[in-house]
Amino acid sequence: MNQRETFKTTKSLHKISYVSNKGGPTLGFSPESGVQILEQDGLFFKDLNRNGMLDKYEDWRLSPEERAEDLASQMSVEQIAGLMLYSGHQSIPALSSSWFSGTYNGKSFEESGAKPWELTDEQLAFLAQDHLRHILVTTVESPEIAALWNNQVQAFAEGTDLGIPANNSSDPRHGSDSSSEFNAGAGGEISMWPETLGLAATFDPKITYQFGQIASREYRALGLGTALSPQIDIATDPRWFRFNGTFGEDSKLSADMARAYVDGFQNSENDREINEGWGYDSVNAMVKHWPGGGSGEGGRDAHYGCGKYAVYPGGNFEEHLIPFTEGAFKLDGPTKQASAVMPYYTISTDQDKVNGENVGNSYSSYLITDLLREKYGYDGVVCTDWLITADESNSKDSFLSGKPWGVEGLSVAERHYKLLMAGVDQFGGNNEIEPVLEAYKMGVAEHGEVWMRSRFERSAVRLLLNIFRLGLFENPYLNPEESTQIVGNPEFMQSGYEAQLKSIVLLKNKNQVLPLASKQTVYIPKRYTPAGKDWIGNPTPEKTEYPVNLDVVSKYYHVTNQPEEADFALVFISSPKSGVGYSQEDSDQGGNGYVPISLQYRPYTAEHAREQSLTGDARDNDVLNRSYKGKTVDTHNESDLDTILEARKLMKGKPVVVSMLLSNPSVVAEFEGEADAILANFGLQDQALMEVLIGAEEPSGLLPVQMPSGMQTVEEQLEDVAHDMECHVDSERHVYDFAYGMNWNGVIEDERTKNYRK
């Protein structure tokens, strides 16, 4: 077979052989897997089930639909149940402790002597015993290590069961902050872009499409076939801690950005296309979170028991669907719609018009079958958010608690069954097959074997389609050297950097103090961060440090720690952070535990909050009235405000420039009058900020949010309604409203503002 060639990296445990087809795909396989090559009509095919015959699912000439249906019909109930699993977070190599931990031959990575690309005990178990094929990848040591690990996974999967390849996936990983669960893969050797909210700040879907194109190339080079993104909830409550992961509060902008993002990720072109726009550069986009999770009461988030209710006091449920129905489900490109959808944890209170159920969105047959499947005709994969079938903890502010909202009284297996009956295909964060098999037995008892088998196959076809479309059955393997050349290459880095520049929003420029010529002297105060907890709940230390790389700054300005020597001050702050809206201390002291979420820096007392919450839980261990009226909360980073005020005093009238990392709409009234210039960003490299400060680049970003005048308007706005706050008016009489921003000539008025401004 002279068309066969073998590739082996010196660091790989598996040889990978390749067979080329004239006018067809190159086949990649591991000889150690037992897979043989079949020849028919002068073409070559992989005998994945090792039966010596060419099955339909092995025939790359057929459509993905034909192949998926054939393979689903051959799979056992156990194999389909495994296909329905989506793993917990996997770090490469596995960490020795924390949520992402794993072992190698029963030992930690450091103790085992394992190579960083080897499979953990847990991964070997869920691949072989639980038939799992969908793996969520978080941190990776390097692109090369990621590629080598991918090859290990694929070789193992190829030699197991019917040779179904793994569909590895990732949460967003292109930002500059790896401190949040939703961006846990960031900070590595990959192109760096603004956060999703920063893409929205460009108000330019073409930039978002370009991001999708580049990110998908890098994902595929890392062995990733599915993106657990974009997050297209309209963030209609400004306090929501997932605001930064969205495209903001506006449904039209969010729909346009969602469409561009998904098209960018899913489209393959020219010789990279396999079928109907899908191909070797395609990455499945799993849009989230149906039907929108941005209206939690009081701004609380449903990762926590305190935030499980979404509310609609404005009767505005339908607008939250627009980014899905008019964006991700109505693409410009040939893939037509996002290939997967993730419902949110929330109970969309009183929105079930058929059954009257108040259960988590994935459990609702009204939301999944009646609305998503039937009314809007969506037939892609529906995957639950992580841990919704696990039991809840006693703590209302535990991030790692199970989140079975509305079905707390069901068993784990009963939850799986209810999800299947609601129309769900896949269970996020579940590595174990047993409860899915128990759910299958429940279905057989209620509907009969034939009906339940058909129900399983229907989900299997959807899940398999997303693997066939990417060409993974023909070749799931990577060349680690090529991966290293693709991921984070200079061209991709430059594109991300340019997007960062276009995302910067100039809010204030009193007396046109900006730009500030280079070679001047700048004073940058250190930033204090008190001890606290990270997003998992682990303690974080107190620290005082420079908030910027001084080596970068020194290329543009002289840096001094003596304010009297400086020509201007540059102060770095971030949005106020006050917690998740629940306090165990308040509960222990006889309160209901519920406290405000504040968007101001100074301590906040909720004088204008509701007397009676819209939602609550009548169970004995929960609270029916979740009101926090009259309670006070401190802000974790109150010292940011102190730093600005102190800089104003020290500078004695010389300019004070504030750089604000914006993750939520924020009350800037506490400091705006003390700042000569304010630049808002959504995650960027230090160099990008410096280029704007010296005038080498002109700011062009627009606010994708409203900036509230104070906390009273935050309390009085309706959680489900966008654009309903009184906005801050600064000392220059500029209103910090949606689509506001400045350039060197003043307030921006262009096609973007004409198209999107309210």
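**Exercise 1. Decide whether Tyr594 is buried or exposed, then describe its ring partner.**

Step 1. Tyr594 has 0% relative accessibility, so it counts as buried. The scale used here calls a residue buried under 20% relative accessible area, exposed over 50% and partly exposed in between (1.4 Å probe, protein chains only).

Step 2. Tyr582 counts as buried too, because its relative accessibility is 11%.

Step 3. Tyr582 and Tyr594 form an edge-to-face aromatic pair, 5.2 Å centre to centre with 80° between the planes. For reference, rings of Phe, Tyr and Trp (its six-membered ring) pair if their centres lie within 6.5 Å; planes under 30 degrees apart are stacked, over 60 edge-to-face, and the rest tilted.

Step 4. Tyr582 sits in the loop between β26 (568–574) and α17 (584–588), and Tyr594 in the loop between α17 and β27 (604–605), so the pair ties together parts twelve residues apart in sequence. Helices (H or I, at least four residues) and strands (E, at least two) are DSSP runs, numbered from the N terminus.

A word on the model before going on. It is predicted: local features need pLDDT of at least 70, side-chain atom pairs count only at pLDDT 80 or more, and totals for chains, interfaces and linings use all residues. Residues are numbered from 1 along each chain as its sequence is written, and side-chain values use heavy atoms, with hydrogens and water left out.

**Exercise 2. Count the aromatic pairs and work through Trp240 with Tyr344.**

Step 1. The ring rule gives 28 aromatic pairs.

Step 2. In one of them, the ring centres of Trp240 and Tyr344 are 6.0 Å apart and the planes meet at 75°, so this pair is edge-to-face.

Step 3. Trp240 belongs to the loop between β10 (226–227) and α8 (251–266), while Tyr344 belongs to the loop between β15 (340–343) and β16 (347–348), so parts 104 residues apart in sequence are tied together.

Step 4. Trp240 is buried, with a relative accessible area of 1%, and Tyr344 is buried at 2%.

Step 5. For a group of rings, look at Trp193, Phe211, Tyr219, Phe247, Tyr261 and Phe265, which form one aromatic cluster.

**Exercise 3. Find what the buried residues of helix α10 pack against.**

Step 1. Helix α10 covers residues 365–375, and its buried residues are Tyr366, Leu367, Ile368, Thr369, Leu371, Leu372 and Arg373.

Step 2. These buried residues pack against β13, β15, β16, β17, α11 and α13 (449–468).

Step 3. Just after α10 comes Gly377, with a positive phi of about 65°.

**Exercise 4. Pick out the backbone exceptions.**

Step 1. Start from the rule: most residues other than glycine have a negative phi, and most peptide bonds are trans.

Step 2. A cis peptide bond joins Ile92 and Pro93, with omega about -5°. Pro93 is in the loop between β7 (89–92) and α3 (109–112).

Step 3. Another cis bond joins Trp290 and Pro291, again with omega about -5°. Pro291 falls in the loop between β13 and β14 (309–310).

Step 4. Arg50 is not a glycine, yet its phi is positive, about 55°. Arg50 lies in the loop between β5 (43–47) and α1 (64–74) and is partly exposed, with a relative accessible area of 31%.

Step 5. Asn511 also has a positive phi, near 55°. Its loop runs between β19 (505–509) and β20 (521–523), and Asn511 is exposed at 69% relative accessible area.

**Exercise 5. Summarise the whole chain.**

Step 1. The chain contains 21 helices and 32 strands.

Step 2. Of its 758 residues, 62% are buried.

Step 3. Among contacts with a separation of 6 or more, 71% join residues 24 or more positions apart.

Note on methods
Contact = heavy atoms within 4.5 Å.
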